[in-house]
Protein chains: 2
Amino acid sequence: MEGVDYLAPERNKAQFDVEEMKIVWAGSRNAFEVSDRISRLVASDPAFRKDNRAVLGRKELFKNTLKKAAHAWKRIIELRLTEEEASKLRFYVDEPAFTDLHWGMFVPAIKGQGTEEQQQKWLPLAYKMQIIGCYAQTELGHGSNVQGLETTATFDPQTDEFVIHSPTLTSSKWWPGGLGKVSTHAVVYARLITDGQDHGVHGFIVQLRSLDDHLPLPGITIGDIGMKFGNGAYNTMDNGVLRFDNVRIPRNQMLMRLVLFRSIMVLQVTREGKCVRSNVPRQLVYGTMVYVRQSIVSDASCALSRAVCIATRYSAVRRQFGSTNGGLETQVIDYKTQQARLFPLLASAYAFRFVGEWLKWLYMDVTQRLQANDFSTLPEAHACTAGLKSLTTSATAVKLTSLLQDGIEECRKLCGGHGYLCSSGLPELFAVYVPTCTYEGDNIVLLLQVARHLVKTISQLGSGKKPVGTTAYMGRVEHLMQCRSDVQKAEDWLKPNVVLEVFEARAARMSVACAQTLSKFTNPEEGFLEHSADLVEAAVAHCQLIVVSKFFDKLQQDIPGKGVKPQLQILCGIYALFLLHKHQGDFLSTGCITPKQASLANDQLRSLYSQVCPNAIALVDAFNYTDHYLGSVLGRYDGNVYPKLYEEAWKDPLNDSVVPAGYHEYVRPMLKQQLRNARL
Amino acid sequence: MEGVDYLAPERNKAQFDVEEMKIVWAGSRNAFEVSDRISRLVASDPAFRKDNRAVLGRKELFKNTLKKAAHAWKRIIELRLTEEEASKLRFYVDEPAFTDLHWGMFVPAIKGQGTEEQQQKWLPLAYKMQIIGCYAQTELGHGSNVQGLETTATFDPQTDEFVIHSPTLTSSKWWPGGLGKVSTHAVVYARLITDGQDHGVHGFIVQLRSLDDHLPLPGITIGDIGMKFGNGAYNTMDNGVLRFDNVRIPRNQMLMRLVLFRSIMVLQVTREGKCVRSNVPRQLVYGTMVYVRQSIVSDASCALSRAVCIATRYSAVRRQFGSTNGGLETQVIDYKTQQARLFPLLASAYAFRFVGEWLKWLYMDVTQRLQANDFSTLPEAHACTAGLKSLTTSATAVKLTSLLQDGIEECRKLCGGHGYLCSSGLPELFAVYVPTCTYEGDNIVLLLQVARHLVKTISQLGSGKKPVGTTAYMGRVEHLMQCRSDVQKAEDWLKPNVVLEVFEARAARMSVACAQTLSKFTNPEEGFLEHSADLVEAAVAHCQLIVVSKFFDKLQQDIPGKGVKPQLQILCGIYALFLLHKHQGDFLSTGCITPKQASLANDQLRSLYSQVCPNAIALVDAFNYTDHYLGSVLGRYDGNVYPKLYEEAWKDPLNDSVVPAGYHEYVRPMLKQQLRNARL
């Protein structure tokens, strides 16, 4: 029956104002309204249909993506959408495409690293999509270690040009999205060589394809790197391979304003081929980094909340066991084992949302100060970036994406067998978010950077240098090393200060233990390598503290709406106590809590699960996702799952004919015992 | 360069006899020889090529599978392969197909549940593949709870027939492999109704399709349920949907010999429609269950070892960071963080292999006793099955498959970005093994069954009933509740008794704690539901103990070959100490070990990683997998990864043309600012 809301009984149980929660989730009333309007616009446009993705072959799939990208751009122009609206529209179209790299990497690279002159030349072309750009950094043999890239850009003073060249097979550019089939231009990272000297890795704007016939320019070999994980997923993207055979570009196509990528270096090449360092201060780099990480965190909360929304709704629809006298079976959401897996993920979705929001604020704050252009007057920004280095150069984002990936998979498992069907939407969601763990820096490499910062912070404590920002708690290290939690009953675990202190104590003690171990090595680098697994664990403890504390900060704010704040308090409690339970070993081995206290935390956690249960459906409704965006039969708003699953099945190409292709050649001879003579 | 072994330097480091380790892995010299011969046979036959799977559309992919199945059967007949060899051949063909269900479920169901007469009629047809069968149990609305199935089989005494019917949409059979497009017959599970009375769920042999033209028989609606997770993966299988509209079958097609599935019930329907219970003893059921679980464990060790083989070889090929003076970068296998993730999985592959071997022995032992047909003389079997109930009805297998799935994903991540490419083989491997977590019983449901058994065992301790088999350690519960580990230095953790005792103490204490909590409830079922999350954790502790103890048992055997046993001892140590580290919280909160001892275990673990590192490549070579079976460019035996990755890329259909389809319609108008007028 169309139009019936099978989840209405669940929605009626909610103890808070869902509409107000939608505003909290969106971040502001305005953000909610834009999201709401644009998501409906996309959902109602048949050109953005995506339920057929899994059955399309690669070529068809890709062509379809090109069509959607063109249609999206057309709508953006026709409706005169603002930059914010346009970006939301691309978001809700929900299909990886070359435009992601054009807008997300190519344009920012030119804005960030191009001189005024370069920006004036290239940005108008890019803004109108008269050129399409990508970001060609990683190579077949080189990923995380950017300084190990092999592609060369050798300055030729005779012609005032750079010669871009791929000297080896492993120097082939490999992975850049949008490169394989579409981009006309790329920002290419290559080793700058002048006068036989290697000046490290820098960015260059290189045209790849003719603007007339789209053929690769002379000296350029280019193609797609092949199928990736999943059915549709990232196979809509033309991740590419690229080789240069002595390709020449003018000197002014080296990005000169601020030449950097993770490493910080400022350099210009003069007409004579001399390298000149300019004096842009180091702090500028932090802005870009905060931006990238912040968008990753924000993506993480979106993806996880989608998966959680699907799993939560389906858990209320699905019934299994527990029937007495032929009555209805029990909804699986009512099982404690289901709750213990699902609700921490629901809480995580909210936790990530709020830490993402805080990072956005941080980014704006840093940027505004930098845009004043008077670098010397930014002591505040300096302190901030220094103190937040552990977060910005690294890891909350990164740990989140790993958690995210596991979280999406867990949601799929929570949907039982049907979660394995493409029509559940979960395989696609998983396959699309899998790479976030690797791109923008391998998780482990980045967590080690956090650990390095933590150890450094500790080593400087004696010198009177006061740790700031997210490491400020280290300033109370003496207290944190010896404090003991005074929790005596389960409810004590509801107190923010109690929870925060044990998270701080755990993080501090793990970092200090690492620092002590390292100090025993004559060569600290050797110690660092030997104990890197422990260092990673210390970094994780620190990052979890950040997320927990930002959730508590959020709860300090004024949050309107009937019952809204109490729900968030419950979710915050679930998030923190779940982590405490999961990492019990850390808390116990460092003596922050006793086994008895750990057990009380677990009791409290169970009680919080019971409290959140009647609100779960409303809490996922607050994400305000359309059925189009969710793309899941199991996660339908109206809960009408089974008839739709049944309907979807018949759309598979295999069902085009009753007797399958191949029956006469391969099955019938088997059944009729005529295989011996059959020609297969 | 073809023919060069780029991993030779790694192979030369090995400190043990790889050829002897291959025998250990295979289980016996004979098993090794059969596997080796058949895997080469498959690898050298172009008809079994599988590297093109990811780019095929669903129809093509499926037709290709039909072809392979026919070719495999043809070869089996031509070469007069034994049953063991035929099954190995299907294994190495490595593509899910309808034959899996025919041989793995349909035939065993008839053998296990058919009367002599039924077996004589149906088995010869099935053995020659004159009929093709599947196993139709799960329904759209019913998975784990078999007793909740809705399909009915109503006896009509007037015609001496059963009427099979699907009364609701949710009663549609859903998921059975081989059903959608191929099977001519099925064992269908339905509620037996005689004289208006419901006798629960039983199995019936039902013909589905005409043997002449393959069309569904009257009253039968049948089709494929659509795309599933992954590119090729399980999309080669026609998982199906099936509805009955009052389909009649003769009475003698009810499987009557031993009617059971998980629940144990023995029942026949007479000509008059009377239900008669016969007296086949309950113990018979255990044989089948042990068999199914044992094959799941065995599959788990295969899949995990494949993933580990790929990740280990690629970790030795891949280099990143650590270059000094322009020299080679460091092999990623040398990083401690890589080792701490990779080597526990390598150790797990071996651990699962040995527990699988033990289960195989257990199965043979139980079967031989049952086949004597003199049920009364099997006290030994009775004791054995009772004691092993926790293992057989449930969970080691199940916990393993979950670990397996996470393990394959972890291996993919350990390969960095390139693991996301289909040519790495890892996405396929993951997508194929994902469903093992759900089928054959949801993990959590089964773990709760173990927990129930553990609690029951504890409650009977007072009554003088001695726990046996895998729960025998519960007999020493008084000692285990209060013992303290006397580990004082890292090397103490190498002693089997020391390790076993802490694993036993942890498992016993967690189970006892659960039992105590439950005893406080007046309604024990209520307590069971409320504390199910803790019960699951206790069950996991018990299962891990079993795997660890079976690994130690293996090491008690005489194992020939230079250096072979020492390597296995290292792996066993890694497996146990990794679990101890991962579940530190359990061991500490139950007071089995002190924080200091936990830290010493970690030190020992790190040292074991260093010891296994030079042997890692040889340890995965011992799996003896062909490059065909591995199906991974990253895992190639010769380590020649990069040129082959590059070569593979060009095979993608997107690279058929330099300018992609869709360029003229969708990209060019964008670049030329003509989108406004374009018809999309």
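User: Where does Ala31(B) lie in chain B?

Analyst: In this predicted model, Ala31(B) is part of helix H3, residues 29–43 of chain B.

User: Is Ala31(B) buried or exposed?

Analyst: Buried means under 20% relative accessible area. Ala31(B) has a relative accessible area of 17%, so this residue counts as buried.

User: Which residues have the most contacts inside the largest nonpolar core?

Analyst: A nonpolar core joins buried residues through side-chain atoms within 4.5 Å. Here the largest one has 347 residues, and those with the most contacts inside it are Tyr350 and Trp493, in chain A and in chain B: Tyr350(A), Trp493(A), Tyr350(B) and Trp493(B).

User: What does Tyr350(A) touch, leaving out residues up to four places away in sequence?

Analyst: On that count, Tyr350(A) touches Met21(A), Trp25(A), Phe551(A) and Leu568(A), along with Leu571(A), Leu619(A), Ala622(A) and Phe623(A).

User: How are two copies of a chain related?

Analyst: In general, a rotation about an axis and a shift along it relate two copies of a chain. In this case, chain B is superposed on chain A by a rotation of 180° with 0.0 Å of shift along the axis, at an RMSD of 0.0 Å. That is the relation of a two-fold axis. In chain B, the C-alpha nearest the axis belongs to Gly585(B), at 1.7 Å. Both copies use the same surface: 99% of the contact residues of chain B recur in chain A.

User: How many cavities of 30 Å³ or more does the structure hold?

Analyst: There are 10 of that size.

User: Which residues are closest to the centre of the second largest cavity?

Analyst: Among the 21 lining residues, the closest to the centre are Ala54(A), Leu56(A), Ala54(B), Leu56(B) and Met227(B). Two elements give two or more residues to this lining: helix H4 (58–78) of chain A and helix H4 (58–78) of chain B.

User: How does that lining divide by class?

Analyst: The lining of the second largest cavity has 10 nonpolar residues, eight polar and three charged.

Key:
Residues are numbered from 1 along each chain as its sequence is written. Chains are lettered from A and ligands numbered from 1 in the order in which they are written. This is a predicted model: local features need pLDDT of at least 70, side-chain atom pairs count only at pLDDT 80 or more; totals for chains, interfaces and linings use all residues. Side-chain values use heavy atoms; hydrogens and water are left out. Copies are superposed by least squares on the C-alpha atoms of residues with pLDDT of at least 70 in both. Contact means heavy atoms within 4.5 Å. On a 1 Å grid over the protein atoms alone, a cavity is a set of points where a 1.4 Å probe fits but cannot get out, and a pocket is an open set with protein on both sides within 12 Å along at least five of seven lines; lining residues have an atom within 4 Å of a point. Grid points are joined across faces, edges and corners, and a volume is the space filled by probe spheres set on the points. Helices (H or I, at least four residues) and strands (E, at least two) are DSSP runs, numbered from the N terminus. Ala, Val, Leu, Ile, Met, Phe, Trp, Tyr, Cys and Pro count as nonpolar, Asp, Glu, Lys and Arg as charged, and the others, Gly among them, as polar. Buried means under 20% relative accessible area, exposed over 50%, partly exposed in between (1.4 Å probe, protein chains only).
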